[in-house]
Amino acid sequence: MQQARSAPILKVQDLAIAYETRKGDVQAVRNVSFDIRRGETLGIVGESGCGKSTVAFGIVNFLGRNGRITNGRIVFQGQDLVGRSEEELRRLRGDRIAMVYQDPMQALNPSLRIGEQMAEVLIVHRKMKRKEAEERCIQMLQRVYMPDPANVMRRYPRPAAARGHRHGPAQRPRAPHHGRADDGPGRYRGSGGAGPGGGTAKGL
Ligand SMILES: Nc1ncnc2c1ncn2[C@@H]1O[C@H](COP(=O)(O)OP(=O)(O)O)[C@@H](O)[C@H]1O
Ligand SMILES: [Mg+2]
């Protein structure tokens with residue numbers, strides 16, 4: 001006898017997202033539907049500009065000022081996300097659902113210690129005391145085989161290439177934020193809302 005399939009953790013149904021521009025509305029996403037169940041991974045593939053990032057940002061409500069969901073439903077763990085208040089979504093983000101950015105140098109704040117940024121998520125969302133949160137972070141780093149996790153926690157994020165090289169990428173001035181489509185809707189550094197610090201997504 002076939003077992004009943006578990007309820008999806010994330011259900012996206014007939015999703016449509018538009019961006020308001022000076023030339024009118026851009027329908028970036030239309031009729032997107034998918035389910036993700038426990039243990040499943042979904043890859044979204046398509047040519048540049050087809051709306052992959054828009055779908056992902058729509059799910060975590062990071063569409064920026066000019067983007068909005070015009071149709072459809074996003075149901076996460078049985079809760080409808082469309083139409084929720086910013087406050088309710090903030091509670092979910094970084095705790096139950098989070099964006100993992102491709103480039104850690106964009107996601108982490110270079111002026112805060114790695115441990116501080118990791119612990120912040122647990123302090124904000126799980127109400128842990130700093131000490132407990134830091135211990136948990138060390139355990140998590142151990143689980144991913146990070147060498148010397150306690151020391152990693154005390155370090156500042158910097159690209160590997162910058163270590164010991166005076167003219168590594170960390171020394172170069174950062175390009176100003178132009179707000180291109182691929183930059184995502186903005187920076188959420190240190191907010192404790194979008195995973196460890198949040199940030200911009202490159203090539204999502
Ligand atoms: N902030 C924005 N304002 C206006 N149009 C946007 C914005 N972000 C994305 N778009 C447009 O929406 C479409 C989908 O973009 P995007 O989701 O970034 O695609 P992908 O991630 O698949 O490359 C593109 O036509 C893009 O130009
Ligand atoms: Mg993209």
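This briefing covers the surroundings of a ligand, a strand sheet and a helix packed on that sheet. The model is predicted, so local features need pLDDT of at least 70 and side-chain atom pairs count only at pLDDT 80 or more, while totals for chains, interfaces and linings use all residues. Residues are numbered from 1 along each chain as its sequence is written, and chains are lettered from A and ligands numbered from 1 in the order in which they are written.

**Ligand shell**
- Ligand 1 is surrounded by 18 residues, the closest being Tyr19, Ala28, Lys52, Ser53 and Thr54, where a residue is near if its C-beta atom, placed from the backbone, lies within 6 Å.
- At least two shell residues come from each of strand 1 (10-21), strand 2 (24-36) and helix 1 (52-59), with helices (H or I, at least four residues) and strands (E, at least two) taken as DSSP runs.
- Helix 1 gives the most, three residues.

- Four strands form an open, antiparallel sheet in the order 2-1-3-4, two strands being paired if DSSP finds at least two bridges between them.
- Strand 2 and strand 4 (79-80) are the edge strands, each pairing on one side only.
- Strand 1 and strand 3 (residues 67-76) run antiparallel and are joined by eight bridges; Ile17 has Ile69 in strand 3 as its bridge partner.

**Helix 1**
- Ser53, Thr54, Val55, Phe57 and Gly58 of helix 1 are buried, which requires 20 or more other C-beta atoms within 10 Å of the residue's own, all placed from the backbone.
- The buried residues of helix 1 pack against strand 1, strand 2 and strand 3, contact being C-beta atoms, placed from the backbone, within 7 Å.
- Asn61, with a positive phi near 60°, follows helix 1.

Notes:
Buried ≥ 20, exposed ≤ 12 C-beta atoms within 10 Å, placed from the backbone. Contact = placed C-beta atoms within 7 Å.
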